[in-house]
Amino acid sequence: MTEGLPGLAFDLVLLDRDGVLNRDLARGVRHQSDWEWLPEAREAVRMLSESGTRMMVVTNQANIGRGLLARAELNAIHRRMIDGLRPVRFSLDDVFACPHTPDDGCLCRKPRPGMILAALKRAQVRPDRTLLIGDQESDIAAAQAAGCWAIHVRSGKGDPPEDARAGHLGSACDLLSVVRSLHGSDRPGTARPNQG
């Protein structure tokens, strides 16, 4: 569905982590040794980086709130992720992780937009100049709530939204497919994302 995407001039790309950059395990990524890059994910990051696009990661990590993952281990996992990007000469601007469970009712856990809004504030980028790439409907909903554009990828566990959503640009097989599409043709005719 993303074949018609052009080289959209996004100032910031927000990447969900599990299912977009790395394999999403049923029990979650709890140890450094669990980290496994998805095929071509680093190539996609390299291409985005070379285009001058800033990138941040926004990830729900409820295993912290459940007591199944320590903050120190999460930091070690993210160090491994960043180290894995060094061969493509790129480092992420920032990594935002929500530690709460769905029952906590926090404002940062996707589908709520808190984490995305924090990333926008840190980057000082407008929502309509921002694209979120995620594998869950909650990613798309959070982007919509924040007024950002969004693309779903099928490399994770979630299905794309069944209903039309403002700012949702469609679904692609993986991150590299999205990046290649972004270097393609004209802007699709789609509803602009909400502006709050």
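Modeller: Trp37 is buried, with a relative accessible area of 14%, and Trp35 counts as buried too, at 5%. Here buried means under 20% relative accessible area, exposed over 50% and partly exposed anything in between, with a 1.4 Å probe and protein chains only. Keep in mind that this is a predicted model: local features need pLDDT of at least 70 and side-chain atom pairs pLDDT 80 or more, while totals for chains, interfaces and linings use all residues. Numbering starts from 1 along each chain as its sequence is written, and side-chain values use heavy atoms, with hydrogens and water left out.

Those two tryptophans make up the one aromatic pair in the structure. Trp35 and Trp37 sit edge-to-face, 5.3 Å centre to centre with 85° between the planes. For the cut-offs, ring centres of Phe, Tyr and Trp (its six-membered ring) must lie within 6.5 Å; planes under 30 degrees apart are stacked, over 60 edge-to-face, and the rest tilted.

Of the 196 residues in the protein chain, 52% are buried. The largest nonpolar core has 37 residues, and Leu15, Leu21, Met55, Leu131, Ile133 and Leu175 touch the most other members. A core is a set of buried Ala, Val, Leu, Ile, Met, Phe, Trp, Tyr and Cys residues joined through side-chain atoms within 4.5 Å. Elements giving two or more residues to this core include strand 1 (12–15), helix 1 (41–50), strand 4 (130–134) and helix 6 (175–182). Apart from it lies another core of 21 residues, with Leu12, Ile116, Leu120 and Ala123 among them.

Leu131 is worth a click. Skipping neighbours within four places in sequence, Leu131 is in contact (heavy atoms within 4.5 Å) with residues including Phe10, Val13, Trp149, Ile151 and Leu182. On the scale of the protein chain, 66% of contacts between residues at least 6 apart in sequence join residues at least 24 apart.

As for the fold, six helices and six strands run β-α-β-α-α-β-α-β-α-β-β-α from the N terminus. Both are DSSP runs numbered from the N terminus: H or I, at least four residues, for helices, and E, at least two, for strands.

On a 1 Å grid over the protein atoms alone, a cavity is where a 1.4 Å probe fits but cannot get out, and lining residues have an atom within 4 Å of a point. Its lining includes Leu38, Pro39, Ser155, Asp174 and Leu175; Leu175 is also one of the core residues that touch the most other members.

Definitions and conventions. 1 Å grid on protein atoms, 1.4 Å probe; cavity = no way out; pocket = protein on both sides within 12 Å on 5 of 7 lines; lining within 4 Å.
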